[in-house]
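Here is a short note for a colleague opening this entry for the first time. Please read the points with the structure in view.

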There are 2 protein chains.
Amino acid sequence: MTQLHNRQLYLHQRPVGVPTEEDIRMRTVLVPDLQEGEVLIENHYLSLDPAIRDWMSDNDSYLEPIPLGGCIRSTTLGKVLKSNHSAFSEGDYVQGLAVNGWEELTVNHGDLLTQVPNDGNYSPRNYLSIFSGAMGLTPYFGLLELGQPVEGDTVLMSAAAGAVGSIAGQIAKIKGCRVVGLTGNAEKASWLTDTLGFDAAINYKTCDNLADEIARVCPERVDIFYDNVGGDMLDAALLNLNDHARVVFCGAISTYNSSGSVPGPYNYWQILARSATVKGLLTTNYVDRFDDAIAEIKTWLEQGKLIFNEDIVEGLENTVEAYSRLFSGANKGKLLVKLAAADC
Amino acid sequence: MTQLHNRQLYLHQRPVGVPTEEDIRMRTVLVPDLQEGEVLIENHYLSLDPAIRDWMSDNDSYLEPIPLGGCIRSTTLGKVLKSNHSAFSEGDYVQGLAVNGWEELTVNHGDLLTQVPNDGNYSPRNYLSIFSGAMGLTPYFGLLELGQPVEGDTVLMSAAAGAVGSIAGQIAKIKGCRVVGLTGNAEKASWLTDTLGFDAAINYKTCDNLADEIARVCPERVDIFYDNVGGDMLDAALLNLNDHARVVFCGAISTYNSSGSVPGPYNYWQILARSATVKGLLTTNYVDRFDDAIAEIKTWLEQGKLIFNEDIVEGLENTVEAYSRLFSGANKGKLLVKLAAADC
């Protein structure tokens with residue numbers, strides 16, 4: 001059989017700041033012959049996640065850095081074109097958790113690859129958004145396992161209109177908490193309160209002093225701070241913690257584009273002063289509970305208690321530009337790239 | 001009755017750096033007449049604790065700052081000279097938890113004042129060291145409740161020869177952990193391993209790169225980091241955490257004398273990367289369990305599993321100089337000041 005051509009985005013150089021098309025370039029490569037145990041996947045959607053920025057840097061982190069010259073590692077939703085793996089068949093929709101890449105075709109060894117249902121109830125694409133680690137499962141385990149919400153708690157959410165924040169806030173509402181979102185424009189603030197049911201939203205770009213504004217909007221202080229952002233926002237939240245507060249450390253998007261070493265929060269002392277707990281979240285710790293979590297998320301969707309938004313950009317060639325929207329806060333909900341092959 | 005004279009140390013100005021006799025001055029004041037519900041205490045020993053440095057600053061912390069002109073707030077061990085409080089009688093030995101002061105005589109309203117036994121088995125003074133929040137109870141609850149040690153865990157201890165570290169390390173040994181201490185001179189390093197039974201000690205003043213040295217001495221990485229120091233030592237420890245590690249945030253003595261805002265740990269990201277947990281410790285959260293904890297500590301002492309050292313300086317007039325030893329790391333075990341009235 002003729003070898004297939006694969007357009008892919010690869011790491012040409014490690015980015016300084018927000019990644020550009022100088023850092024991440026397109027090339028066409030030939031797909032190698034499929035070996036025993038391998039699966040050839042035609043990617044339909046790419047998941048654009050803040051965590052990928054971390055993997056582009058040469059850091060000591062939870063995954064190896066993406067090597068220079070390597071395809072950008074990503075979660076994708078695709079369809080099996082050919083399978084030499086007993087668990088997967090041609091035509092299956094599959095999701096690869098942080099093992100596939102920003103490319104048209106991926107050869108996967110079956111690691112962290114899961115089959116996705118195509119039963120007409122939900123689009124397979126939803127397994128890259130609401131049923132994925134990056135949108136549904138991360139806030140599910142982050143809020144419930146690490147946050148330990150109690151009815152009546154005040155929950156403060158950073159990047160509240162993002163993929164994780166928008167869901168974590170709604171799950172906190174389901175659990176009877178008062179939920180306040182931090183976001184960067186008035187339209188998203190209205191979406192949080194009017195559509196998603198948040199109790200209040202703070203536009204951090206228009207308030208003079210964020211810590212004072214949080215104190216005003218959260219007069220009973222903050223029991224759970226769900227941290228997607230780090231930096232100044234984390235510092236403002238730390239000044240408003242209640243005794244025994246939980247800080248769910250889910251991400252630090254404000255720091256991912258920094259060069260050199262980044263100081264931790266200046267108000268780190270408040271962790272001691274408030275007998276608070278900061279817990280680091282890796283969703284992969286809960287992989288054996290994903291099915292149960294997805295079942296509960298489906299129940300909430302069907303009961304109308306949970307709403308999600310997919311923010312879809314078309315075309316592999318627009319991926320790098322789309323990715324920058326995560327850092328300017330321009331996306332609403334889960335940011336995906338739809339590739340030419342997509343049929344769902 | 002003639003009014004009594006009381007020599008006391010008071011906060012003349014907020015210190016910049018290590019407190020000096022310019023900041024903390026001596027004066028003699030008259031003791032006011034005792035009101036209903038009050039107790040007049042003759043102080044025998046003062047407890048010199050790192051936390052007091054925090055209270056000298058105008059910070060947002062877990063206790064109000066000591067007011068300018070106010071006596072330095074401290075835990076003390078003393079004897080009741082006169083009581084208008086039903087729970088205390090003349091001649092009782094009493095310990096006041098962070099409510100008394102660096103002075104000869106204290107009038108206390110009975111708040112956080114506890115009677116201390118004088119049954120011949122232990123000196124009442126021991127209730128300011130091994131049976132106190134500042135030496136025995138803090139490491140007891142910090143290590144056991146927040147650290148959650150499991151047999152075989154590697155425990156890394158900062159300020160390991162200090163009041164808290166020396167006890168926390170031994171409790172970790174009792175629980176079957178491998179314990180490594182960080183300390184600042186060779187004599188204390190030997191004391192940790194040869195007398196207290198630590199598995200290893202690192203003299204942080206003589207190693208080139210502390211993170212590398214921790215990695216060498218802890219090849220299975222660190223499951224519990226008991227943090228008394230903060231700063232560079234915390235950063236070096238964070239780089240060596242195991243997955244699901246616990247950081248017990250007990251103190252940050254390296255930062256107490258800093259001016260202006262102090263950055264949090266530069267390696268804060270490792271909390272996420274290692275699914276770690278940082279927990280802030282205030283021993284007062286466990287006050288209803290102090291008696292049970294003291295009973296268990298006594299058992300360990302009687303079984304020879306726990307050794308403690310009291311580092312005693314004589315004279316109220318030497319208190320400020322003695323206090324500076326905490327910050328140079330010159331003390332070994334619990335630092336106390338013995339006042340002229342002491343009879344135990």
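1. Basis. This is a predicted model, where local features need pLDDT of at least 70, side-chain atom pairs count only at pLDDT 80 or more, and totals for chains, interfaces and linings use all residues. Residues are numbered from 1 along each chain as its sequence is written, chains are lettered from A and ligands numbered from 1 in the order in which they are written, and side-chain values use heavy atoms, without hydrogens and water.

2. Interface extent. Chain B puts 34 residues in contact with 34 residues of chain A (contact means heavy atoms within 4.5 Å). About 2,900 Å² is buried between the two chains, and carbon and sulfur atoms give 61% of that area. Buried area here is the accessible area (1.4 Å probe) that two parts lose on being put together, summed over both. Tyr268(B), Trp269(B) and Leu272(B) supply 25% of the area that chain B buries against chain A, more than any other three residues.

3. A salt bridge needs a side-chain nitrogen of Lys or Arg within 4 Å of a carboxyl oxygen of Asp or Glu. Twelve residue pairs, both at pLDDT 80 or more, are in polar contact between the chains. A polar contact is a pair of N or O atoms within 3.5 Å; within protein, one must be able to donate a hydrogen and the other to accept it, and residues adjacent in sequence count only if both atoms are side-chain atoms.

4. Interface elements. Which elements of chain B give two or more residues to the side that touches chain A? They are strand 12 (241-249), helix 7 (269-273) and strand 13 (277-280). Helix 7 of chain B gives the largest share, five residues. By class, the side of chain B that touches chain A has 20 nonpolar, ten polar and four charged residues. Ala, Val, Leu, Ile, Met, Phe, Trp, Tyr, Cys and Pro count as nonpolar, Asp, Glu, Lys and Arg as charged, and the others, Gly among them, as polar.

5. Salt bridges. Over all chains the count is 26. Glu104(A) forms a salt bridge with Arg7(A), the closest N and O atoms being 3.1 Å apart. Glu104(A) is in the loop between strand 5 (93-101) and strand 6 (105-108) of chain A, while Arg7(A) is in strand 1 (residues 5-11), 97 residues apart.

6. Helix pair, chain A. Helices (H or I, at least four residues) and strands (E, at least two) are DSSP runs, numbered from the N terminus. The axes of helix 2 (residues 133-147) and helix 8 (residues 290-302) of chain A come within 10 Å and cross at roughly 95°. Helix 2 of chain A is therefore roughly perpendicular to helix 8 of chain A (65 to 115 degrees). Axes are lines fitted to C-alpha atoms, for helices over the stretch in contact, with angles from 0 to 180 degrees between N-to-C directions.

7. Helix pair, chain B. Helix 2 and helix 8 of chain B also cross at roughly 95°. Residues including Tyr140(B) and Phe141(B) in helix 2 meet residues of helix 8, among them Ile297(B) and Trp300(B).

Conventions: Angles under 35 degrees count as roughly parallel, over 145 as roughly antiparallel, 65 to 115 as roughly perpendicular and the rest as oblique.
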